[in-house]
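Me: I have a structure open and want to go through its side-chain contacts. Can you walk me through them?

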Amino acid sequence: MSKPHIRPYTSPAGGWGALEATGKALVEQGIPAAGAATLLRMNQPEGFDCPGCAWPDPKHTSSFEFCENGAKAVAWEATAKRCTPERLAGLTVAALETWSDYDLEMLGRLTHPLAYDEASDTYRPVAWDEAFRRIAAVLDGLDSPDQVEFYTSGRASNEAAFLFQLFARAFGTNNFPDCSNMCHEATSVGLPQSIGVGKGTVLLEDFDAADAILIFGQNPGTNSPRMMTSLRDASRRGAAILSFNPLRERALERFQAPQNPIEMASLTSTPISSQIYQVRVGGDAAALKGLLKACIERDDAAAAADAARLLDVNFIAGHTTGFEALAADLRATPWPAIERASGLTRAELDAAAGTYLRADKAILVYGMGLVQHRRGTENVRLLTNLALLRGNIGRPGAGICPVRGHSNVQGNRTVGITEKPTDAFLDRLRDTFGFEPPRRHGHDVVAAIEAMRSGQARAFVALGGNFVAAAPDTEATRRAMRGLALTVAISTKLNRGHLVHGRQAFILPCLARSEVDRQETGPQSITVEDSMSMVHASAGRNAPASAHLRSETAIVAGLARATLGPASTIPWEHLTADYDRIRTAIEAVFPIFQGYNARIRVRGGFHLTSLARERIWATPSGKAEFAVYEGLEEDPHQDDPEALWLTTLRSHDQYNTTLYSLSDRYRGVFGQRMVVFLNEAEMGRRGLRAGDAVALETLSTDGVSRVVEGFKVVPYRLPDGCCGAYYPEANPLVPLYARDPQSGTPSYKAVPVRIRAGRGM
Ligand SMILES: Nc1nc2c(c(=O)[nH]1)N[C@H]1C(S)=C(S)[C@@H](COP(=O)(O)OP(=O)(O)OC[C@H]3O[C@@H](n4cnc5c(=O)[nH]c(N)nc54)[C@H](O)[C@@H]3O)O[C@H]1N2
Ligand SMILES: Nc1nc2c(c(=O)[nH]1)N[C@H]1C(S)=C(S)[C@@H](COP(=O)(O)OP(=O)(O)OC[C@H]3O[C@@H](n4cnc5c(=O)[nH]c(N)nc54)[C@H](O)[C@@H]3O)O[C@H]1N2
Ligand SMILES: [Mo]
């Protein structure tokens with residue numbers, strides 16, 4: 001592991017550095033040459049879906065698409081390291097609590113079901129049936145099914161997620177806190193209001209035809225590296241790529257394609273963004289309003305001069321409502337206020353609008369930087385306004401492209417993981433399985449934490465993920481979890497969440513996606529849905545990490561049978577014996593999956609139809625709806641002259657709460673993560689120098705002190721008034737109350753903080 005140091009990175013992203021990093025990851029995980037064979041099967045029609053990101057695969061995958069972070073994700077699950085009962089016997093939970101997140105996962109793959117033993121403060125092996133029986137005894141002994149929170153992380157397959165929601169609903173609750181509540185929930189809430197569907201409207205091939213691509217708050221070089229292929233090709237074709245991001249992310253500047261022999265041999269690279277706009281943290285609403293205003297002003301001028309109109313007036317007249325209200329609001333919004341709130345000049349925003357208007361076809365891409373805000377849902381709607389002005393939805397080369405996170409987070413939602421189910425869906429569930437599902441809406445992530453804190457929730461069952469580390473307000477969340485009667489985690493690796501547990505606690509180890517999943521009728525495939533609504537099959541080929549592992553699907557069925565008893569009318573064992581049967585059931589509940597089993601046997605899978613792509617608007621008005629965004633601020637105004645807006649960042653070497661190393665190559669940070677990025681002017685104002693130790697304190701409004709200590713100042717080119725630190729180290733600073741009222745998403749990307757020199761405040 002490298003010693004802590006700072007060394008600014010000047011090469012293009014990708015390139016030899018990416019190959020070297022991959023090699024290192026394989027060696028570190030003890031994966032010999034055979035590991036390369038595993039990687040070659042990734043994202044191939046007959047192989048398994050990469051457990052990394054949700055970016056789609058090209059339709060004709062003849063050649064191996066190299067992706068450094070996909071390779072790391074696979075290396076981390078195909079590791080040779082094992083976290084055995086013998087290894088855990090000597091490790092108390094209290095001792096493990098002092099370990100870093102990195103060291104915990106480096107113990108390797110879990111091999112046996114484990115139960116917490118209070119007397120020795122250790123996790124001990126337990127037989128599967130006994131684990132199911134003891135868990136069922138707690139669940140069945142509760143006063144109400146609503147005392148259980150059923151958490152899902154987005155790596156679960158459609159089959160496992162479908163059975164999980166079926167189990168919870170047959171048990172009697174709609175409590176489904178889900179990782180997407182912390183992620184793209186604003187997309188799922190905002191897009192339906194605007195265009196009638198909660199998903200993106202583009203396919204991968206649209207990137208080949210777009211004239212302009214605008215990217216808001218997304219870092220593809222790290223988080224969806226295969227997207228770099230699309231961006232590189234677009235840039236080479238001469239498409240304009242505009243990035244709105246407080247950071248000049250390296251891959252958005254220059255990229256060297258590791259699969260391109262000429263770029264690799266000649267050390268050349270491709271510039272990616274034609275322009276990077278360093279918007280202030282939390283300044284996207286203002287930037288988007290500036291872009292919209294400039295579009296309208298330019299169109300007004302064109303109309304006055306009798307020139308060709310710049311807005312798609314036919315589309316606006318025929319397909320939308322609310323344009324006049326939007327235009328009136330924008331005309332009344334003064335430029336100086338837009339400039340102040342966005343951190344961008346009128347000239348910059350007007351130039352960007354000019355580029356957008358010149359493009360015949362444009363794609364609007366966005367990620368966490370746009371949605372993890374208190375007005376994240378409204379940000380999504382503002383971005384959609386921009387697309388609607390030019391009719392950039394429902395035609396080739398144009399559309400809205402939210403880039404999802406986990407490889408199947410979108411699919412989990414499609415197959416029923418939602419705390420707010422519709423009656424139509426519940427009716428079909430009832431008709432298919434012959435039980436009456438609960439109708440009361442349940443808890444999302446923040447509501448679940450609040451229910452645990454108040455004692456209303458008593459048990460937590462997690463299908464993957466690392467809830468404690470991923471959730472906001474770490475101290476509050478930890479206390480909430482510790483008060484529970486039962487915590488159950490279906491996991492591949494040990495993580496922080498297992499150490500912050502209830503009175504009874506179980507870890508149920510599952511197969512990973514790269515491994516053979518053999519059930520009664522033979523080896524099974526699972527299915528996943530990518531960010532562009534393509535559904536396809538995935539089958540692992542590696543031998544399971546341990547003979548005692550079960551598939552997620554089988555574990556959920558085991559829990560369900562034990563909890564619901566022999567009287568359950570759902571044929572759990574029959575379903576898990578052959579996953580085709582689960583897919584037949586999914587198809588019965590969701591007609592959109594018609595022909596499911598046949599269609600996943602076609603190379604490349606199939607596309608779940610999107611009405612908005614066909615310009616059919618499933619909104620109350622039957623039209624696409626423009627939205628007015630009142631004011632400019634995304635987060636409440638801070639009077640404190642010392643206030644900085646903190647954004648929480650992913651390093652290049654992490655997958656959410658899983659750390660691949662302590663380094664962040666492209667941002668020049670090595671061997672450490674307790675850093676705060678700040679520009680030289682803000683450092684000067686506070687008398688801080690590079691390397692100074694500081695503490696960060698949230699400017700809380702609930703009187704609770706939220707402080708993290710031992711952070712080191714790293715000078716970084718950020719706009720004034722902003723700073724950045726890594727997730728999850730900075731999560732104790734994110735208050736539970738700071739969330740989008742519409743989507744419940746925590747405001748992870750704008751926390752008002754104060755910085756003080758020294759360790760304490
Ligand atoms: N290797 C790897 N791949 C991943 C993940 C991972 O952790 N590692 N996570 C997966 C998951 S679950 C998700 S959701 C995605 C996340 O992928 P992204 O959506 O890319 O998420 P982040 O890296 O959190 O943030 C994206 C960008 O937002 C910028 N940003 C911060 N604050 C603001 C702001 O106020 N405005 C704007 N415009 N930009 C801002 C940051 O500088 C950063 O470049 O990636 C998925 N893929
Ligand atoms: N401050 C801050 N907080 C954030 C964010 C942020 O940008 N800033 N981002 C948020 C976002 S976008 C998300 S999606 C959440 C992520 O929240 P989660 O999805 O809960 O977290 P992960 O780190 O992805 O979960 C990692 C764990 O999943 C388990 N796992 C890995 N593979 C498998 C598998 O195949 N099956 C099963 N059953 N388990 C597996 C392993 O035990 C591993 O430790 O975090 C959110 N939290
Ligand atoms: Mo995510």
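**Side-chain contacts**

Reply: Phe-216 is buried, with a relative accessible area of 0%. Buried means under 20% relative accessible area, exposed over 50%, and partly exposed in between (1.4 Å probe, protein chains only). This is a predicted model, in which local features need pLDDT of at least 70 and side-chain atom pairs count only at pLDDT 80 or more, while totals for chains, interfaces and linings use all residues. Residues are numbered from 1 along each chain as its sequence is written, chains are lettered from A and ligands numbered from 1 in the order in which they are written, and side-chain values use heavy atoms, with hydrogens and water left out.

Me: How many aromatic pairs does the structure hold?

Reply: There are 23 aromatic pairs. Rings of Phe, Tyr and Trp (its six-membered ring) pair if their centres lie within 6.5 Å; planes under 30 degrees apart count as stacked, over 60 as edge-to-face and the rest as tilted. Trp-55 and Phe-207 have ring centres 5.5 Å apart and planes at 75°, so they are edge-to-face.

Me: Where do Trp-55 and Phe-207 sit in the chain?

Reply: Trp-55 is in the loop between α2 (34–40) and α3, and Phe-207 is in the loop between α9 (185–195) and β8 (212–216), 152 residues apart. Helices (H or I, at least four residues) and strands (E, at least two) are DSSP runs, numbered from the N terminus. Both Trp-55 and Phe-207 are buried. Phe-216 and Phe-244 form a stacked pair, with 4.5 Å centre to centre and 5° between the planes. Phe-216 lies in strand β8 and Phe-244 in strand β9 (residues 240–244), so this pair ties together parts 28 residues apart in sequence. Phe-244 is buried at 0% relative accessibility.

Me: Which residues do ring pairs link into a cluster?

Reply: Phe-425, Phe-590, Phe-593, Tyr-596 and Phe-606.

Me: OK, charges. How many salt bridges?

Reply: The count comes to 55, a salt bridge being a side-chain nitrogen of Lys or Arg within 4 Å of a carboxyl oxygen of Asp or Glu. One of them joins Asp-653 and Lys-72 (2.2 Å, N to O). That pair links distant parts of the chain, with Asp-653 in the loop between β25 (644–649) and β26 (654–655) and Lys-72 in helix α3 (residues 68–77), 581 residues apart.

Me: Are Asp-653 and Lys-72 buried or exposed?

Reply: Asp-653 is buried, and so is Lys-72. Glu-633 also forms a salt bridge, with Arg-280, the closest N and O atoms being 3.8 Å apart. Glu-633 is partly exposed at 34%, whereas Arg-280 is buried at 14% relative accessibility.

Me: Which residues are linked in a network of salt bridges?

Reply: Asp-423, Asp-427, Arg-430, Asp-431, Glu-436 and Arg-439. Asp-431 and Arg-430 meet at 3.1 Å, N to O.

Me: How many disulfides?

Reply: The search of the whole structure finds 0 disulfides, where a disulfide is a pair of cysteine sulfur atoms within 2.5 Å.
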